[in-house]
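I opened this model to look up how one chain is built and how it meets its partner, and I note below what I found.

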Amino acid sequence: MEVILKKDRLGEWAAKLGEGADVFAPAFVEDCWAFTKVEPGGEVALDHGNTVRPAKGFVFPQREVLYRFSQDSGGAPRLTETLPDDPRAVVFGVRPCDGRAMVRNDKVFTCGFADPYYQARRERVAYVGLACAEPPSPNCFCLSVGGSPDAEDGLDVLMTELDGRYYVKALTAKGKDIVVAASSLFSEAQPADRSEAESVHAAARSHPQRSIAAMDKVAEGLKRNFDSPEWDALARACIGCGACTYLCPSCHCFDINDEITSRSPLAGERVRTWDNCQFPEFTMHTSGHNPRETTGARLRQRICHKLLYFVENHNIQQCTGCGRCITHCPVGIDIVRIANVMEEAAGQ
Amino acid sequence: MVVMEDIRARAKELLESGKVRAVLGYRRSSAGVLAEPAFVTAPEDTAALVLDATCVENLALYLVNEKKRQRAEKTPDTRPLAIVAKGCDSRTINVLLQENYIKRDEVVILGVSCENGGVIDTKKLNRALRGKPATAASFDGNGSVKAVFTGGETAVPAAEVLADRCLECTQAYPSVSDFFFGEKESGRTYNRRFTAVSAVADKGMEERSDFWAGHFDRCIRCYACRAVCPMCYCDECVVDSTNCVVKATTTADEKANRIRWIERSVCPSENAMYHLVRAMHLAGRCTDCGECERVCPVNIPLRLLNTMLEREALEMFEYQPGLDPEQPSLISSFRDGDPNDFIR
Amino acid sequence: MQGRNSTVAEAAVEPRSDKTVEAQAFEPKVVAFLCKWCSSAGSDLAGVSRLQYPPNAIPIQVMCSGSVSPLYILSAFNKGADGVLVSGCHPGDCHYLKGNFYARRRIYLVQKLLKFVGLEPDRFRMSWVSAAEGVKFAEVVGDFVKDLKALGPQRKLKAEH
């Protein structure tokens with residue numbers, strides 16, 4: 001389903017959707033772009049670059065209660081289910097790299113064993129993508145990892161900015177529903193609209209980006225250079241802050257802890273939180289041995305997970321080229337530079 | 001005038017003579033407009049060293065990190081490290097010396113004066129460029145910063161893009177050094193010490209409460225602020241429940257009964273606790289390098305917590321961290337005239 | 001921290017009067033760090049002298065007020081204390097000679113920090129109470145509880161669950 005929305009009616013679409021769901025859109029808060037709840041009557045302007053925090057947080061929140069427990073003295077433990085029951089949500093302004101990352105996250109959380117918490121949220125959240133007219137960041141490299149500025153995977157709707165209007169393409173049943181919900185705002189897309197959209201996409205694709213020439217050579221290089229001292233040199237400046245992992249749209253490791261709220265009677269929650277392979281304790285064994293003791297080992301793990309292991313296990317690149325890890329690394333550690341180094345090392 | 005060639009020449013000489021095992025300096029980065037830390041071991045690589053408005057990192061952090069790295073080595077290279085240190089960085093080194101984390105002969109300090117310059121704040125630069133990412137930034141010698149971005153360049157008044165800590169700095173040259181580059185002058189005319197923190201401290205209680213609650217709500221506990229802080233060198237952080245130094249001899253009881261001061265949960269109360277405890281642990285030790293605030297991915301104005309305590313230390317206890325490596329620490333010293341009125 | 005203005009409105013701010021003190025459902029929880037040699041002994045004296053004062057303070061005996069880490073104070077608020085009291089020997093009388101001087105400086109800083117982030121300043125108190133000052137101890141606690149009742153439950157730093 002392909003329709004046209006006049007730019008000045010975007011707020012109305014958001015307002016209509018707001019009647020039955022929480023609507024989010026990027027807003028410039030504290031000098032950075034963040035997905036922010038649109039209040040009734042609020043403005044929606046899709047003039048952002050990319051958000052600092054990725055869109056995965058809507059279906060995989062940083063903190064999630066798995067269940068509550070309580071036990072009176074001498075009694076049996078009682079468990080209270082806490083499956084998510086959040087209102088439906090619509091998220092505007094999702095870049096194609098975040099959409100594609102959702103496909104990767106879906107593989108992890110719904111294939112084989114369906115994580116009920118993830119699943120419950122995934123069904124309730126609609127991702128409305130915005131195609132990139134030009135790379136939002138100087139560190140973008142979606143083309144090198146099989147993506148594109150107008151990729152549709154993982155999104156429910158893809159919007160493309162044309163002259164004075166948006167080209168809106170519904171990609172899934174959920175996407176169709178949110179268009180139909182405000183059908184009076186849209187008009188049928190004409191062939192001229194489609195060709196304008198196609199030329200916007202083509203122009204975006206020809207914009208220069210950071211580049212990695214051959215991902216299979218990168219994988220080869222990573223495999224051959226597992227023990228290379230180069231890793232320590234690349235990670236010399238790494239401070240182990242974890243920003244790269246927390247801001248990555250396709251990183252998904254988590255930790256589970258019991259948090260006691262009352263000792264007597266016993267009560268508490270089992271809480272799932274994001275975990276971070278760049279923290280030194282991520283692989284700390286209870287014996288005190290840590291197989292990834294150095295920043296070099298941890299950096300190697302992250303790069304290999306993204307560009308090698310995930311490819312071997314699932315046949316797709318896990319990295320979607322959003323460039324957040326490069327932009328926000330405090331000390332300039334750069335996955336593209338590392339991939340290029342590995343490409344060159346592949347032949348050796 | 002700081003002559004870059006002099007710094008490169010000195011660094012090269014130190015490496016060629018074998019006096020130091022590496023030179024910690026800055027070089028251009030592929031990742032963005034800011035310079036990145038360089039660990040130079042080959043004398044010819046000193047040609048890549050730079051020093052300009054994008055050299056924001058506090059390299060004293062790596063004095064700590066390299067020391068920790070060495071602990072794991074069987075035959076560590078015990079030669080000193082050379083380090084390019086700005087005024088603020090040198091004060092960090094003084095505190096590390098004061099606390100005996102490093103010894104004076106373990107470091108060769110290439111002190112550089114910021115003179116009338118300083119370093120940029122990328123958030124302010126973003127604001128000035130309306131979100132266009134900058135690819136290069138430098139002082140133009142006329143009180144402005146020339147910012148280059150894809151498609152053009154512009155000059156922005158330095159006072160608009162300089163880091164707050166530079167605007168508030170009272171001593172823009174190192175207090176300790178082995179080699180000194182530039183002029184020993186406090187040519188700062190901004191005179192804005194503590195203005196950022198006063199702006200918040202002067203708000204009413206509820207406004208302040210909302211201000212901080214809003215920020216702690218956005219914190220993602222990535223611990224970047226702690227990771228980048230040279231003063232946070234504890235192997236085991238008291239407010240990190242995952243961070244537990246475990247050896248083969250640690251008993252199960254010790255592990256099970258370890259006190260969890262805050263939960264792993266990322267929520268406003270636990271985030272506030274983390275930041276407040278960290279601020280207290282830095283009282284009298286933080287030398288305002290501003291890195292905590294710079295590295296925060298969600299732009300929490302962290303430096304304010306530390307400068308607030310810094311201001312109290314100065315006004316109530318006449319204490320300034322980092323100027324004298326022989327002075328006692330702020331909280332393990334006292335004076336008879338310390339404030340007593342608040343005690344019933 | 002809730003960070004919403006409604007927090008203050010919600011916290012029952014009742015006018016202080018004898019009638020409403022009885023009608024109050026809210027009983028503030030006070031965590032009191034008392035140094036063993038002076039203040040804790042002072043609290044014992046208050047008890048032995050049968051002095052009446054509100055039972056809201058949970059005493060935690062520490063060896064010296066100088067051993068009270070700001071971490072304990074912040075943790076008490078995090079776990080839901082409505083008020084925190086630190087009490088030690090008078091300056092010059094510290095059993096360990098200097099401990100209370102360190103406390104004085106450190107506690108000054110932590111209370112400034114708490115004030116800076118918007119916690120009501122009245123929720124945190126420090127006092128010098130000697131082993132002979134049972135009456136003073138009862139007064140300090142009594143005044144504290146009275147003031148806290150007016151402030152209502154502490155929500156800004158309390159862990160939410």
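**Chain B: fold and contact**

I began with the contacts in chain B that have a separation of 6 or more, and 68% of them are between residues 24 or more positions apart, a contact being two residues whose C-beta atoms, placed from the backbone, lie within 7 Å. I keep in mind that this is a predicted model, in which local features need pLDDT of at least 70 and side-chain atom pairs count only at pLDDT 80 or more, while totals for chains, interfaces and linings use all residues. Residues are numbered from 1 along each chain as its sequence is written, and chains are lettered from A and ligands numbered from 1 in the order in which they are written.

I then looked up the secondary structure and found 13 helices and eight strands in chain B, taken as DSSP runs (helices H or I, at least four residues; strands E, at least two) numbered from the N terminus.

I turned next to one open sheet of chain B, where three strands are ordered E5-E6-E7 with antiparallel pairing, two strands being paired if DSSP finds at least two bridges between them. Its edge strands are E5 (134-139) and E7 (152-157) of chain B, each pairing on one side only. Between E5(B) and E6 (residues 144-149) of chain B I noted five bridges, and B:Ala134 has B:Phe149 in E6(B) as its bridge partner.

Last, I checked the contact between the chains, to which chain B gives 41 residues and chain A 40 residues. On the side of chain B that touches chain A, strand E2 (36-40), helix H4 (122-128), helix H9 (224-228) and helix H12 (291-295) of chain B each give two or more residues.
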